[in-house]
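Here's a quick briefing to read alongside the model. Have the viewer open and follow along.

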Amino acid sequence: MLEIDILTIFPELFGPFLNTAFVGMARRDGAARIEAHDLRHWATDRHRSVDDTPYGGGPGMVMTPEPLIPAIEELAGPKSPERKVHVICLSPQGKALDQDRLTDLAAGPPLLFVCGRYEGIDQRVVDLAVDEELSIGDYVLSGGEVPTMVAIEGLVRLLPGVLGNPDSIETESFRGGGVLEGPQYTRPPIYRGLEVPPILRSGDHGAIDRWRRDQALDRTRARRPELLDAAPENRSEGGD
Ligand code: SAM
């Protein structure tokens, strides 16, 4: 079972997300337990504060160690080699989240996602309580909630039995040799003068597989050539 806790000042953002589509289905089927917790629950002052001005000056506010550290320690335990929960802080400064990391996380221990807001989180929280910082890309959002949803959606679809056809995962982009998936078509066979490639309607599954593989390599070469560099066995296939 995939077990995920989320620490956020906006738990209400997760309502529809956690109850809809594959994520909702996985929770209802007992394949996943995912809960969003309101960080302000651990705040102790009468304003339920979670942030303060930055030392050294500068714009915006910074999330304070309290209530973050007590909240993380209650949900995940104190940071130690024995801790059973992997604590992830979403941050534009983290390592880029990719399909390989998602695959490892899906097979690993329970997860706690910590969502930053404002100008980010006091460094001591990261030093004292976080195991890993992950980024969803080289751009800055206003909070870690959407990045957390990105990670959760990627994790849930890797759970056995969640996707109707498990082959979908194997043929998708970044799998099967680390290339992009090629183009897909459905009915009608001709739309506004554009015809579905006849080979896809030929019934020749060997030829279809070869065509898809070539298309995937051509598309990867055109759009993301660095993926082919990372998987040298792909370089010799397909035409230039
Ligand atoms: N001051 C920070 C900086 O320059 O690196 C940016 C803070 S951002 C406005 C607030 C929060 O949004 C971050 O603490 C993080 O949780 C989240 N966030 C923003 N962009 C993100 C990204 N690309 N990946 C993951 N989390 C992100």
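Patches here are built from residues with over 30% relative accessible area and no salt bridge, joining like charges within 9 Å and nonpolar side chains (Val, Leu, Ile, Met, Phe, Trp, Tyr) within 5 Å. This is a predicted model, so local features need pLDDT of at least 70 and side-chain atom pairs count only at pLDDT 80 or more, while totals for chains, interfaces and linings use all residues. Residues are numbered from 1 along each chain as its sequence is written, and side-chain values use heavy atoms, with hydrogens and water left out.

**Surface patch**
- Tyr139, Leu141, Val146 and Val150 make up a nonpolar surface patch with about 350 Å² of accessible area together (Shrake-Rupley, 1.4 Å probe; for residues, only the protein chains shown count as cover).
- Val150 sits in helix H6, residues 145–156 (helices are DSSP runs of H or I, at least four residues, and strands are runs of E, at least two, numbered from the N terminus).
- Val150 is partly exposed at 40% relative accessible area (buried is under 20%, exposed over 50%, partly exposed in between, with a 1.4 Å probe and protein chains only).

**Ligand site**
- The ligand is surrounded by 19 residues, and the closest are Leu90, Gln93, Glu119, Tyr139 and Leu141 (a residue counts if one of its heavy atoms lies within 4 Å).
- A backbone N or O atom of Leu90 is 2.7 Å from a ligand oxygen, and one of Gly143 is 3.3 Å from a ligand oxygen.
- A polar backbone atom of Gly137 lies 3.0 Å from a ligand nitrogen.
- On its own the ligand has 590 Å² of accessible area, and the protein covers 85% of that.
- Strand S5 (86–96) and strand S7 (132–135) each give two or more residues to the shell, with S5 supplying the largest share, four residues.

**Inside S5**
- His86 lies in strand S5 and is buried, at 18% relative accessible area.

**Salt bridges**
- The whole structure has 11 salt bridges (a Lys or Arg side-chain nitrogen within 4 Å of an Asp or Glu carboxyl oxygen).
- Arg124 pairs with Asp122 at 2.6 Å; Arg124 is partly exposed at 46%, whereas Asp122 is buried at 16%.
- Asp218 and Arg221 form a salt bridge at 3.2 Å, and they sit about one helical turn apart because they are three residues apart in helix H8, residues 205–223.

Methods: Polar contact = N/O pair within 3.5 Å; in protein donor to acceptor, adjacent residues only side chain to side chain.
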